[in-house]
Amino acid sequence: MVHINQNYLKLKAGYLFPEIGRRVSAFAQAHPEAKIIRMGIGDVTEPLTPAIIAAMHEAVDEMAQRQSFKGYGPEQGYGFLREAVAAHDFQARGVDISADEIFISDGSKCDTGNILDIFGSNNRIAISDPVYPVYVDTNVMAGHTGPADASGRYEGLVYLVGNESNGFVPELPTVPVDLIYLCYPNNPTGTVASRETLARWVQYARDNQALILFDAAYEAFISDPAIPHSIFEIEGAKDVAIEFRSFSKNIGFTGIRCALTVVPRQLMGRGAGGEKVSIHQLWNRRQSTKFNGASYVVQKGAAAAYSPQGRQEMRGLIDFYMNNARLMREELTRAGIRVFGGVNAPYVWLKTPNSLSSWDFFDLLLNKANVVGTPGSGFGAAGEGYFRLSAFNSLANVQEALQRIHSVL
Ligand code: MLT
């Protein structure tokens, strides 16, 4: 019989969101009359906008004609999209990132996991707690950890705790680490990192020859002009960071799939003999071998988000979801709940009432209010006693969910 990757057996139960889905399906089967409102997984609800739909239709029409049909595209992404990203997302903010440092993909969840292909198994890895579970689980799968303890923490990882006293922005590690995962605006807590905080991390990485994996999937939701959108806004970051971005949440592409990873040309790692090796070249090699590029039609749609009309429509979508987040913050606060996030991020992070555990509060909301959220403990031991609500929903659903939640508190 075939031998399996033993590391998978170290993983705790199911991946968080399928596990929530399983519990919700069981509840729905037992209570077919319940009108369940889902504010758990951060999945968009609003349809694609006209500029994107038109660009994708046009791309399909091109595919329908022999002279404009396209087969395999470049594994790194089409030039038209890489150039638009470089110009609008980086150069327009004074950040010197060029198109050839941008790798288009079919998702930043995949990219944050796949990136581990190019790193050794002897790095010391720092991860925030609470955290987007993909960073932890992919390291477990890759064999970078020992087993989990009773609280779900894996041996070998350095956990950086975010809590109310540090505003859910963890401090620098007290032991040297090689690889650091940062996510700002943060999933799940909805908090942001100031320029000073990011500058401290960049300095730490430079001093310790560490690499930062910076997940900026929610940067478009930042409203405070003082908050950086990219780690590369910090001087010196191009020597020590990789950045992940996504089209999932800003233009509604969770089902369409398109994202990007920025790997600066000057970024170096170390080979077994101590020699410098280009991370950009390794990632390019990895992508060219294991990935055939995102679809042309999808990339045409993503590029349309940078047209004047596309930008206006994207702004409309973001404002729509952030208005939901504002209502959630206001109403939950009125209900006596302590809330965090939801100002520069589409997630509201809240302290469970009456010291309920995260899963007990999940059950209370599901059973009594028929509202689904995400238990904070699913994001790590430090998330116990907290709960995440996603602002991705229709206004009517958000209003109704808030009324129902208020009535069961
Ligand atoms: C979340 O709810 O945390 C996100 O939707 C997960 C993801 O983007 O993969």
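A strand here is a DSSP run of at least two residues, numbered from the N terminus. I need this for my first entry, and I note that the model is predicted.

**Entry: Glu219**

I looked up Glu219 and found this residue in the loop that runs between strand E6 (211-215) and strand E7 (241-246). I listed its contacts next, leaving out neighbours within four places in sequence. Glu219 is in contact with Pro185, His229 and Arg245.

**Entry: Ile125**

I went on to strand E3 (residues 125-129), where Ile125 lies. Ile125 has 1% relative accessibility and therefore counts as buried. Which residues does Ile125 touch, not counting residues up to four places away in sequence? I wrote down Asn139, His144, Leu157, Val158, Leu179 and Tyr181. I also checked Ile125 against Leu211, which is 86 residues apart from it along the chain. The C-alpha atoms of Ile125 and Leu211 are separated by 9.7 Å.

**Entry: Arg286**

I found Arg286 in helix H7 (residues 279-290). Its relative accessibility is 12%, so Arg286 counts as buried. I looked for polar contacts of its side chain and noted two partners. The side chains of Arg286 and Asp117 are joined by a polar contact of 3.0 Å. With the side chain of Asn114, Arg286 has a polar contact of 3.3 Å. Setting aside neighbours within four places in sequence, I have Arg286 in contact with Asn114, Asp117, Ile118 and Phe291.

**Entry: Val297**

I placed Val297 in helix H8 (residues 296-304). Val297 counts as buried because its relative accessibility is 16%. Without residues up to four places away in sequence, my list of what Val297 touches reads Met56, Ala59, Val60 and Met63. How far apart are the C-alpha atoms of Val297 and Gln309? I have 18 Å for this pair, with the two residues 12 apart along the chain.

**Entry: domains**

I looked up the domain assignment, which gives domain 1 (6-46 + 309-408) and domain 2 (53-307). I noted that domain 1 is written as two segments, 6-46 and 309-408. The C-alpha centres of domain 1 and domain 2 lie 25 Å apart. The contact takes 39 residues from domain 1 and 50 residues from domain 2.

**Entry: ligand**

I turned to the ligand and wrote down the residues around it: Phe17, Ile41, Gly42, Lys109, Tyr132, Asn187, Tyr218, Lys249, Tyr347 and Arg388. From which domains does this shell draw at least three residues? I found that domain 1 (6-46 + 309-408) and domain 2 (53-307) each supply at least three. I sorted the shell by class and got 5 nonpolar, 2 polar and 3 charged residues.

I then looked at oxygen atoms of the ligand. A backbone N or O atom of Gly42 lies 2.6 Å from a ligand oxygen atom. For Tyr132, I have a polar side-chain atom 2.6 Å from an oxygen atom of the ligand. A polar side-chain atom of Asn187 lies 2.8 Å from an oxygen atom of the ligand. Last, I noted the cover: the ligand on its own has 270 Å² of accessible area, and the protein covers 85% of it.

Note on methods
Residues numbered from 1 in each chain as written. Predicted model: local features only at pLDDT ≥ 70, side-chain atom pairs only at ≥ 80, totals over all residues. Heavy atoms only, no water. Near = heavy atom within 4 Å. Polar contact = N/O pair within 3.5 Å; in protein donor to acceptor, adjacent residues only side chain to side chain. Areas by Shrake-Rupley, 256 points an atom, 1.4 Å probe, with all protein chains shown as cover. Nonpolar A, V, L, I, M, F, W, Y, C, P; charged D, E, K, R; others polar. Domains from an automatic or database assignment. Helix = DSSP H or I, 4+ residues; strand = E, 2+ residues; numbered from the N terminus. Buried < 20%, exposed > 50% of the residue type's maximum accessible area, 1.4 Å probe, protein only. Contact = heavy atoms within 4.5 Å.
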